[in-house]
Amino acid sequence: MPSFQATMATSYQLRRGQIETYFDRTAADAWKKLTSDAPLGRIRATVRAGRDEMRRTLLSWLPQDMTGLRLLDAGCGTGVLTVEAARRGAHVVAIDLSPTLVQHARENLPSDLGSGRVEFLSGDMLADNLGVFDHVVAMDSLIHYRATDSVAALARIARRTSRSILFTFAPLTPPLAVMITVGRLFPRGDRSPAIEPVGEKRLAGLLARDSALIDWRQGQTKRIESGFYKSQAVELLRI
Ligand SMILES: C[S@@+](CC[C@H](N)C(=O)[O-])C[C@H]1O[C@@H](n2cnc3c(N)ncnc32)[C@H](O)[C@@H]1O
């Protein structure tokens with residue numbers, strides 16, 4: 001019988017494959033548009049507004065001057081947060097499963113980054129060869145994994161991080177729980193990997209119980225809701 005850890009690794013890998021296909025092929029153009037200034041329909045505009053607010057929130061939890069600091073943008077997408085962190089002087093390692101999005105980010109990297117540096121990579125944010133970091137940000141890149149897999153991923157990231165890990169999760173609210181139950185009765189019309197919402201208390205319990213996170217405590221948290229965008233930011237701080 002496979003061990004619990006092996007089962008988790010398998011569910012992480014399975015989901016990772018779906019996410020890669022989705023962001024690299026199905027949704028790459030939509031994602032480039034969402035993260036640009038191009039005009040959007042009303043609903044997507046609310047999502048963009050929510051995501052802009054989320055990015056501002058996460059950036060406000062990072063030092064204003066990041067000269068000489070190393071930051072991992074874990075699941076960087078088109079690299080919008082990467083650019084902002086590099087403008088503060090950080091050395092950013094920006095990694096994403098989607099080579100298409102990474103290539104787009106690379107081609108659109110502005111030249112006015114001062115002392116900031118960016119290294120773009122395509123691959124898994126948990127890859128062993130990424131080095132060590134002062135800060136890690138995973139904005140909306142763990143929301144498609146089971147909560148247990150996300151926490152296991154955070155625990156692996158924690159080993160290589162000295163100051164803070166900022167991540168987001170999809171908060172499970174009672175209306176959403178009903179929608180998910182009803183939704184499971186019907187086949188999904190699109191190919192997008194489902195978002196895996198988790199209750200705030202359950203997530204806090206999983207984080208507290210993980211022995212690899214014993215040296216970490218939860219700092220600030222902020223939920224952002226804008227139209228169809230609902231996501232909650234969490235700051236983990238090394239004690
Ligand atoms: C919702 S998008 C967010 C992108 C970016 N962080 C932002 O907020 O604009 C999620 C991204 O996470 C990436 N991702 C998911 N799992 C990943 C993993 N294990 N390693 C690297 N990237 C991952 C996806 O490919 C996708 O581009």
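Look at Gly 75 first. One of its polar backbone atoms sits 2.7 Å from a nitrogen atom of the ligand. Keep in mind that this is a predicted model.

How much of the ligand's accessible area does the protein cover? On its own, the ligand has 600 Å², and the protein covers 97% of that.

Now the shell. There are 18 residues around the ligand. The nearest are Arg 51, Gly 75, Asp 96, Met 139 and Tyr 145. So much for names; now classes. We count 10 nonpolar residues, 4 polar and 4 charged. Which element gives the largest share of the shell? Helix α1, residues 4-26, with 3 residues.

Next, helix packing. Take helix α6, residues 147-158, and helix α8, residues 200-209. Their axes are 10 Å apart, and the helices pack at an angle of about 40°. Angles under 35 degrees would count as roughly parallel, and roughly perpendicular starts at 65. Therefore α6 is oblique to α8. And the hand of the crossing? α6 passes α8 in a right-handed one.

That's my tour. Over to you.

Key:
Residues are numbered from 1 along each chain as its sequence is written. This is a predicted model: local features need pLDDT of at least 70, side-chain atom pairs count only at pLDDT 80 or more; totals for chains, interfaces and linings use all residues. Side-chain values use heavy atoms; hydrogens and water are left out. A residue is near a molecule or strand if one of its heavy atoms lies within 4 Å of it. A polar contact is a pair of N or O atoms within 3.5 Å; within protein, one must be able to donate a hydrogen and the other to accept it, and residues adjacent in sequence count only if both atoms are side-chain atoms. Accessible areas come from the Shrake-Rupley method with a 1.4 Å probe; for residues, only the protein chains shown count as cover. Helices (H or I, at least four residues) and strands (E, at least two) are DSSP runs, numbered from the N terminus. Ala, Val, Leu, Ile, Met, Phe, Trp, Tyr, Cys and Pro count as nonpolar, Asp, Glu, Lys and Arg as charged, and the others, Gly among them, as polar. Axes are lines fitted to C-alpha atoms, for helices over the stretch in contact, and angles run from 0 to 180 degrees between N-to-C directions. Angles under 35 degrees count as roughly parallel, over 145 as roughly antiparallel, 65 to 115 as roughly perpendicular and the rest as oblique. A crossing is left-handed if the near helix is turned anticlockwise from the far one by less than a right angle, and right-handed if clockwise.
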